[in-house]
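Subject: Handover of a structure

Dear colleague,

Please find below the structure that I am passing on to you.

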Amino acid sequence: MNKARVVIIGCDTYADDQVITAVRKGVEMLGGIPVFAKPGERIVMKPNILIGTAPDKGVTTHPAVFRAVGRLLKDAGAIVSYGDSPSFGKAGPNLRRSGIKQVGDELGFGVADFDSGRSVSHKDALLVKKFVVANGVLNSDGLVSLPKFKTHGLTRFTGAVKNQFGCVPGLLKSQYHVKLPDPYDFATMLVDLNTLVRPRLYIMDGIMAMEGNGPRSGRLKRLNVLLLSSDPIALDATACRIVNLDPDVVPTSKPGEKAGLGTYHSENIELMGEALESFVDRSFQVNRTPPMSSSGGRFRVFLKNRITQRPVIDKAKCTCCGTCITLCSVQPKAVDWYEGDESRPPRYDYNHCIRCYCCQETCPEGAIYLSTPLLGRIYSHL
Ligand code: SF4
Ligand code: SF4
């Protein structure tokens with residue numbers, strides 16, 4: 001069996017010339033850009049925009065990485081476009097705020113349509129047999145995924161596999177959380193989505209990563225690394241090993257291997273480029289306990305609600321914008337105005353909350369953090 005190949009390249013700056021050199025070197029190790037894009041092919045680049053924020057906040061794929069990959073694809077003769085469906089709002093303003101649109105304009109790339117999509121069936125899926133996929137992806141010949149190295153409340157880590165969730169347009173994304181409240185089902189859906197849209201190449205921006213309260217409100221953490229692979233499971237597993245997170249804990253690992261998307265077992269991964277050990281950061285703050293399944297009856301849900309991290313609003317930071325309420329897809333809403341009073345921070349009803357963390361992910365003020373209940377703290381030390 002051929003091993004999955006993951007390239008590790010050090011890069012300690014977002015200076016264009018150095019990022020371009022690093023990306024070119026990494027792609028060469030995987031066989032060169034012609035392996036991933038032929039002249040005349042329509043290639044769509046998918047950075048992680050989440051919610052468009054300034055590049056120095058570390059929430060989005062840095063424009064310098066986007067520029068470096070875009071230049072390689074353009075030089076290869078591909079017809080390049082790009083896009084992402086943010087967790088809230090239309091793609092256009094979010095692409096602009098993240099600095100991606102400016103680079104796209106500079107390189108003459110078109111913006112692909114990620115605001116609307118079409119229904120596609122996926123017969124070989126493990127769990128979800130039908131997806132609505134963005135037109136921009138469906139109208140392309142190939143996808144190049146540019147994830148950002150960040151923590152995530154639900155999946156522990158958001159990397160190569162999770163990046164494709166932005167191929168589902170608009171608020172349809174939050175419906176998956178409602179339909180699949182179990183984190184392992186949600187992760188299997190992400191794997192199914194990846195086996196459907198099948199990016200050809202994944203290049204992860206880990207130069208400036210995010211630890212703690214990710215994926216939007218965590219702390220910046222310099223890891224000085226770019227990771228490249230055509231195997232997203234192996235790439236994510238390698239990223240996990242850099243931050244001392246067991247890939248077994250990340251719920252996409254096992255279904256990813258089962259679906260044939262890739263492998264997370266180190267003996268099946270060939271590391272290329274620089275030594276993994278020189279990037280390892282054991283102090284990286286990430287939740288290292290496995291997500292708790294909610295399947296298994298009402299008692300399990302009751303227990304999960306008392307163990308799993310819950311979103312909490314920092315009243316001092318909240319501007320009462322209401323975005324978290326709009327984003328909460330469960331009915332009745334698990335976060336809402338108290339007695340309709342929009343002048344005070346919303347309140348949670350944790351009995352209805354499915355712990356999807358969409359509210360925490362999208363709060364524009366970073367006012368929502370995750371807190372582990374006492375029982376959960378005891379459980380994590382057992
Ligand atoms: S999204 Fe954030 S700032 Fe807006 S109401 Fe909710 S907690 Fe407050
Ligand atoms: S309150 Fe937040 S975490 Fe809970 S279900 Fe609503 S969006 Fe998800």
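Which residues make a nonpolar surface patch of about 280 Å²? The patch is formed by Leu374, Leu375 and Ile378. Of these residues, Ile378 belongs to helix 13, which covers residues 374-380. Ile378 has a relative accessible area of 45% and is therefore partly exposed, since that class lies between 20% and 50%.

Please note that this is a predicted model.

Overall form

The protein contains 13 helices and 16 strands. Its C-alpha atoms fill a box of roughly 60 × 40 × 40 Å along the principal axes. Of the 382 residues, 58% count as buried.

Surroundings of the ligands

Ligand 1 is surrounded by 13 residues, and the closest are Cys318, Cys321, Gly322, Cys324 and Cys363. Divided by class, this shell around ligand 1 holds nine nonpolar, three polar and one charged residues.

The shell around ligand 2 consists of ten nonpolar residues, with no polar and no charged ones. Among the residues that surround ligand 2 are Cys328, Cys353, Cys356 and Cys359, as well as Tyr348 and Tyr357.

Salt bridges

Side chains of opposite charge can pair when their charged atoms come close. In this model, twelve salt bridges are counted.

One of them links Lys46 with Asp84, where the closest N and O atoms are 2.9 Å apart. Lys46 is part of strand 2 (residues 42-47), while Asp84 sits in the loop between strand 3 (79-82) and helix 3 (91-97), so this pair ties together parts that are 38 residues apart in sequence. Both Lys46 and Asp84 are buried.

A salt bridge also joins the side chains of Asp248 and Lys254, at 3.4 Å from N to O. Asp248 counts as partly exposed because its relative accessibility is 36%.

Arg344 and Asp341 form a further salt bridge, with 2.9 Å between the closest N and O atoms. Arg344 is partly exposed at 42% relative accessibility, and Asp341 is likewise partly exposed, with a relative accessible area of 22%. Elsewhere, Glu211, Arg219, Lys221 and Asp281 are joined into one network by salt bridges that share partners.

Yours sincerely

Terms used:
Residues are numbered from 1 along each chain as its sequence is written. Chains are lettered from A and ligands numbered from 1 in the order in which they are written. This is a predicted model: local features need pLDDT of at least 70, side-chain atom pairs count only at pLDDT 80 or more; totals for chains, interfaces and linings use all residues. Side-chain values use heavy atoms; hydrogens and water are left out. Patches are made of residues with over 30% relative accessible area and no salt bridge: like charges are joined within 9 Å, nonpolar side chains (Val, Leu, Ile, Met, Phe, Trp, Tyr) within 5 Å. Accessible areas come from the Shrake-Rupley method with a 1.4 Å probe; for residues, only the protein chains shown count as cover. A salt bridge is a side-chain nitrogen of Lys or Arg within 4 Å of a carboxyl oxygen of Asp or Glu. Helices (H or I, at least four residues) and strands (E, at least two) are DSSP runs, numbered from the N terminus. Buried means under 20% relative accessible area, exposed over 50%, partly exposed in between (1.4 Å probe, protein chains only). A residue is near a molecule or strand if one of its heavy atoms lies within 4 Å of it. Ala, Val, Leu, Ile, Met, Phe, Trp, Tyr, Cys and Pro count as nonpolar, Asp, Glu, Lys and Arg as charged, and the others, Gly among them, as polar.
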